[in-house]
Protein chains: 2
Amino acid sequence: MLDVCLLGTAGMMPLPNRWLTSCLCRFNGVGLLIDCGEGTQVALRAAGFSPNPISIICLTHYHADHVSGLPGLLLSMGNSDRTEPVTIVGPKGLERVVNSLRVIAPELPFEIIFHEISSEDESFELMGYNIHAFKVNHNVLCYGYSISIPRQGKFDVEKAKELGLPVQMWNPLQKGNEVEFEGTVYTPDMVMGKARKGLKMTYCTDTRPTKSLVEAANTSDLLICEGMYAQEDKIAKAKQNKHMTFYEAAKVARDAKVNELWLTHFSPSMTGHKRYMKAVCDIFPNSYLGEDGKFLELDFSEE
Amino acid sequence: MLDVCLLGTAGMMPLPNRWLTSCLCRFNGVGLLIDCGEGTQVALRAAGFSPNPISIICLTHYHADHVSGLPGLLLSMGNSDRTEPVTIVGPKGLERVVNSLRVIAPELPFEIIFHEISSEDESFELMGYNIHAFKVNHNVLCYGYSISIPRQGKFDVEKAKELGLPVQMWNPLQKGNEVEFEGTVYTPDMVMGKARKGLKMTYCTDTRPTKSLVEAANTSDLLICEGMYAQEDKIAKAKQNKHMTFYEAAKVARDAKVNELWLTHFSPSMTGHKRYMKAVCDIFPNSYLGEDGKFLELDFSEE
């Protein structure tokens, strides 16, 4: 299963009762954090997590509200005696930005591995996560991320028996390894059924609606998407500042056929968020306001 | 009068219920902030202040818990349409550190003026504040700050009359200007009494007890001083990490003959702070635990 916790829901600046937008995923003991604005390490603790199991940090872009908490988080991870490396993923300029911020965190007891996204979109596997980064449309280079956990097909016991494979060879095949038995090489596809539906969550802030987002979010179990403004008269401001309204995010969720939408990255000027949700749900019914610490456990469906 | 607000009381890392140690002073509409760790802009708002009136930021040293909130604060000041310059005061390396952190806040609508402290101690006047920076003893170059508001003597009406000065010339003399009347130059000292007791507050974190601190804090109305540890068995750790215990801070307060002591910069490992205060007050009776948002208005005494 994949745990998802939306640590904060603010855009632009942290507020006394609203942390900056960032998201923690956990799968198989490995933490993956998306964005790390000022105070993210506090939001993490407030939600009941520790920074230490985080091995992957994906940055959407280098505006301060998405990255200014990084040196503090890295130091706190160092203070918890972490020695395993941390992989930081982000757009062009990654090393320069992170190393500039590290002027106040120059010595860490663990290695930082940089993974710079260099094309419009990129997919790669990291510690059990399938990560798909896709370029969106903000006033600086910005990416969204789809995080998927694939699920292999069922092991076909009948087929294994038919092939005459002894039981002790079943487990390596289930784990994706080839085996050799009596001079013949057996590959996993010979005994494994078709891959089953895995888990997928998509996270996207700081963009106008884009085709890349709709395509990347396609059939996600959860879409966490920015809704900087809700007031109808803010559409011009959303366009100018390259952000989205609640309604635009709902249309993305509908077009991407996701299961559930959480709105986040709210403008500090907005109040009374709830009153806009009826109109949002008219577009995409399974829409929810993000809240600091909002948590979901995504489980593989049966079969 | 001089307003003093201790915005946070944590050392090392911000916690869900404890902001990092920093301090806001206000005098005559001008805000002066000492240190700016991660979340200081939130602590500021939580205490009821806005970042915009801050015109001076004094940094004690460049450990992350004292400076990582700077880019976010500067951006929030910019977002409030600030155009007046901000003076940042700090130890050697000031421009390099601030400009590195500004990798995520490259464009601001106001100028930053750098005032680097280059000697063991330095005194200067800035927008009505008399600032005295003094070197302390930490594992990196670190300064404490005494902030004083001087108070001139009383205007001597009898003397002015005796000199035959017309009433419209009294005010410029009171404001420190020379005047000329019937061919004679009159200077303020001719009509002003002896300077009266002003206001003084001293702020010091991240150091072992030092002579420089005791001297700089001498007769302060308020001393805000680190007490990283309270447990008696932490004295070795305090020495090793160049910090102080509650009791060492109380001895500084006693030796400096201050009026009042607030302890701050508590180790994240400490709990039950109150139980140590009896022993602290045995050393210096007017000692208090710092609390996030603790506020004091220092007024000129009568006469």
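1. Met12(A) counts as buried because 23 C-beta neighbours lie inside 10 Å; a residue is called buried if 20 or more other C-beta atoms lie within 10 Å of its own, exposed if 12 or fewer, and partly exposed in between, with C-beta atoms placed from the backbone. Its phi is positive, about 75°, although Met12(A) is not a glycine. Most residues other than glycine have a negative phi. Met12(A) sits in the loop between β1 (2-8) and β2 (22-27) of chain A. Helices (H or I, at least four residues) and strands (E, at least two) are DSSP runs, numbered from the N terminus.

2. Met12(B) also has a positive phi, near 75°, and lies in the loop between β1 (2-8) and β2 (22-27) of chain B. Met12(B) is buried, with 23 other C-beta atoms within 10 Å.

3. A note on the basis of these points: this is a predicted model, in which local features need pLDDT of at least 70 and side-chain atom pairs count only at pLDDT 80 or more, while totals for chains, interfaces and linings use all residues. Residues are numbered from 1 along each chain as its sequence is written, and chains are lettered from A and ligands numbered from 1 in the order in which they are written.

4. Strand β14 (residues 261-264) of chain A has Leu261(A) and Leu263(A) pointing one way and Trp262(A) and Thr264(A) the other, and all are buried. In a regular strand the side chains alternate between the two faces of the sheet.

5. β14(A) pairs in the parallel sense with strand β13 (residues 222-226) of chain A over four bridges; pairing requires that DSSP find at least two bridges between two strands. Leu263(A) in β14(A) is the bridge partner of Cys225(A). Three bridges join β14(A) to strand β15 (residues 287-289) of chain A, again parallel, and Ser287(A) in β15(A) is the bridge partner of Leu261(A).

6. What do 26 residues of chain A contact? They touch 26 residues of chain B, contact being C-beta atoms, placed from the backbone, within 7 Å. The elements of chain A that give two or more residues to this side are α1 (40-46), α2 (64-67), α3 (70-79) and α4 (94-101).

7. Chain A can be laid on chain B with an RMSD of 0.1 Å by a turn of 180° and a shift of 0.0 Å along the axis, superposed by least squares on C-alpha atoms of residues with pLDDT of at least 70 in both. The two copies are therefore related as by a two-fold rotation axis.

How values were computed:
Contact = placed C-beta atoms within 7 Å.
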